[in-house]
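Please prepare a briefing on the structure shown below, grouped by topic and with the cut-off of each term stated where the term is used.

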There are 2 protein chains.
Amino acid sequence: MQNTQKYIQDSREKFLNELFDLLKIPTVSADSAYSKDVIRGAEKVADFLEQAGAEKVEICKTAGHPIVYGEKIMDAALPTILIYGHYDVQPADPIELWTSPPFEPVVKKTDIHPEGAIFARGACDDKGQFFMHVKAFEAMMKANELPCNVKFMIEGEEEVGSVNLGIFIKENKERLKADIILVSDTGMLGNDTPSITTGLRGLSYVEVEVTGPNRDLHSGLYGGCVANPINVLTKMIASLHDENKHITIPGFYADVVELSLEERAEMAKAPFNEEHYKKALDIDAVYGETGYTTPERGSIRPTLDVNGIWGGYTGEGAKTVIASKAYAKISMRLVPNQEPEKITELFSKHFESIAPAGVKVIVNPHHGGEPVVTPVDSIAYKSAAKAYEKTFGKTPIPVRSGGSIPIIALFEKELGLKTVMMGFGLDSDAIHSPNEHYGLFNFYKGIETIPYFFHYFNEAMK
Amino acid sequence: MQNTQKYIQDSREKFLNELFDLLKIPTVSADSAYSKDVIRGAEKVADFLEQAGAEKVEICKTAGHPIVYGEKIMDAALPTILIYGHYDVQPADPIELWTSPPFEPVVKKTDIHPEGAIFARGACDDKGQFFMHVKAFEAMMKANELPCNVKFMIEGEEEVGSVNLGIFIKENKERLKADIILVSDTGMLGNDTPSITTGLRGLSYVEVEVTGPNRDLHSGLYGGCVANPINVLTKMIASLHDENKHITIPGFYADVVELSLEERAEMAKAPFNEEHYKKALDIDAVYGETGYTTPERGSIRPTLDVNGIWGGYTGEGAKTVIASKAYAKISMRLVPNQEPEKITELFSKHFESIAPAGVKVIVNPHHGGEPVVTPVDSIAYKSAAKAYEKTFGKTPIPVRSGGSIPIIALFEKELGLKTVMMGFGLDSDAIHSPNEHYGLFNFYKGIETIPYFFHYFNEAMK
């Protein structure tokens, strides 16, 4: 892999400029106003794959945003690695909180990234991360050192539930045949504490609408007489947690697999400094379920969070109105054995049942996703660990993450393939937030580490 | 008053067209984007006053929107009536719920107004209502039948708390000397059930801001670990009412004067049909404080309503974010003896005290207003009652309203003057809501009734 690594060192500036070109395209999948930009994003990804040496590159149409496919089959006898990533990004709002425009990438230094970090929506999630695979592949191709077959599947709907990717997978099982799936869409503990994600939470996401009177009312004339949909909504949401921050939906915890004390003790070995954590978020206390530590609350426990709420007058000044309607977006993170569809149903049933007389309630489910746990004793995991040891000089720590990549469970179900999650982002990278960024250290270290995974995986599969 | 009434009958079309001109100006006082329109509105009012025969017409500058003044002093020996109204209007949003544009007035028939109603923001609150006084004055002038001196004070900040009117009144006590204040900015029970408002609720209005982490966070990575400002805000708001819908702020009810059973029995005589009420609002149940009827809840009891709430992602689709901040606008309607400043302070103290560790809370007070009760045995009230008997053929019912006109309490305090509230709107007129309207019957009946008030008041004061 020496020539590969040399090519990477020689191409650092080129790689960065190319990533900037990709980050400049606002591929916001949730908002139809950006549909054309999403297409441009897919075309750009296809170009990069071709330039890197991929064959059979195709922008595969779906009912939604397209999936970009490409492959390089060296030899049918060699193991095949299927690389998954996504070129779509989260909406950038609240736009006013960005210190530089979200789609004009720029490198700035931070305390955590003293050598600089790329600031842009998608820098870490997931353009910056899947692009490492494209560039690592390019380096191995240019150096004539590609030791495995490669397939790329880069989608444009990860941030909106990957609905069409599921269909694509079902219809392309032959084309997607591989030995392992490799994904960089997660994080690691720190730049001096490499880790590999071995679990993901599932997701259930709903939008609720509470309707009171059939029109907005004057709060003087009607205040006190009718159910105010906003007040009612706050009461309904508040009741979803008890005083110990347990979720009160009947049956919510029924399928949760509790970890043994040994497993929890093992988890507790991963470095975590609560004072640093609070300081980084500027909070005076953490807040969560009684009986669990912060890392446990964020990974092995299910949660319920309001992601958005709105209703009534939200403009300048004062308006004395009782709104006709109030809304909220609510998501639940799920842990292994919880079924998103079942949880969504439990939520809907419960939420409708707690609505008081005087209002009507509608619950609209958005996409969901199943939780995942990946084994640490597999050939692929061990190959990944060796690759990290080579580039970081340290054995990576296996860590269960709180995030969700719903498609990982589907890969296993439909393709019968396990996934290795080699994520190089940091929790502090502000993904899904204003000022998302991705360290230059992380970007380059990822590109360097990936070829070693190919190397060790090829060796282990011999 | 015969010539006056003839002039009114002959001028119906002219009066309506003139009101339309006034309604076309979007005099939204809460939103600085409309500042120039508010000035245009003031100029239009001044023009109308001059055309009607007022003298010393002046657009009086204030630190905010101007106050229009005008007067007609016939004889120092005659009683003087000070007419108060406001030319500013509530914001029109949610604009998409209007069936015709809010600033393009149009007459449409409704079930309650079979002869037609004027649809426009401000049609009833308060352009259509204060304009009745300008036209009644014009009619008496043209007919040479004006029996009292008149002063007009039409302001542009009623919907944002009348802060500068208070200063104006303190600085113009001599100019504003009068025997009674006459205001049409309230409603009556029905077109066949005339009523006069004898009480108003006070108002305390605050905006609250809950801050959790210093930036928006990914709800997968941080969900369950930190206080989510939206969840916390819902819990805090929900806790402001107990299961009987009593307000839980310590000391909130301390100064409330409870009505006697006799007074409540008197109130219960006013016609109220709960089935019609529910049907008109399309609700399956009323909702309010245990132990009180709907009319009581809406007039003699204090309330707490959220008028607006917002935070997190509110756009299309799903975003898995924990917002850094959540906001709400909350107003409390107060009843006699409750002090707005004291209530605002009680609220702030309580709201800050219930914030859990992990969030910071800021409470910003908006304008407030004191509650009012007016006597029914005064010369002015009796004169008004006689005027209604003349035009409606029925004795009006004295009614305490749930709304607030904070300035009425100030009139009494600063000018030593009582107010008669001759409101001709209906509760169903959708003031502060989309599709605000004002019945043609009500508009013309008001113009006809006002001169009789002048007549009887002059007679009674002799």
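A search of the whole structure, which is a predicted model, finds 42 salt bridges over all chains, a salt bridge being a side-chain nitrogen of Lys or Arg within 4 Å of a carboxyl oxygen of Asp or Glu. Local features need pLDDT of at least 70 and side-chain atom pairs count only at pLDDT 80 or more, whereas totals for chains, interfaces and linings use all residues, and side-chain values use heavy atoms, with hydrogens and water left out. Residues are numbered from 1 along each chain as its sequence is written, while chains are lettered from A and ligands numbered from 1 in the order in which they are written.

**Salt bridges**

- B:Lys56 and B:Glu71 meet through their side chains in a salt bridge of 3.7 Å, N to O; the pair links distant parts of the chain, with B:Lys56 in strand S1 of chain B and B:Glu71 in strand S2 of chain B, 15 residues apart.
- B:Lys56 counts as exposed because its relative accessibility is 63%, and B:Glu71 counts as buried because its relative accessibility is 10%, where buried means under 20% relative accessible area, exposed over 50% and partly exposed in between, with a 1.4 Å probe and protein chains only.
- B:Glu174 forms a salt bridge with B:Lys177, the closest N and O atoms being 3.8 Å apart, and B:Glu174 is exposed, with a relative accessible area of 58%.
- Salt bridges that share partners join A:Lys14, A:Glu18, A:Lys135 and A:Glu138 into one network.

**Sheet across the two chains**

- Eight strands form an open antiparallel sheet in the order S14(A)-S9(A)-S13(A)-S11(A)-S11(B)-S13(B)-S9(B)-S14(B); strands (E, at least two residues) are DSSP runs numbered from the N terminus, as are helices (H or I, at least four), and two strands pair if DSSP finds at least two bridges between them.
- The edge strands, each pairing on one side only, are S14 (360-365) of chain A and S14 (360-365) of chain B.
- Strand S9 (residues 202-211) of chain A pairs with S14(A) in the antiparallel sense over six bridges, and A:Val210 has A:Val361 in S14(A) as its bridge partner.

**Domains of chain A**

- Chain A is divided into domain 1 (2-200 + 371-461) and domain 2 (202-256 + 302-365), with bounds that come from an automatic or database domain assignment.
- The centres of domain 1 and domain 2 of chain A, taken over C-alpha atoms, are separated by 36 Å.
- Between domain 1 and domain 2 of chain A the count is zero salt bridges.
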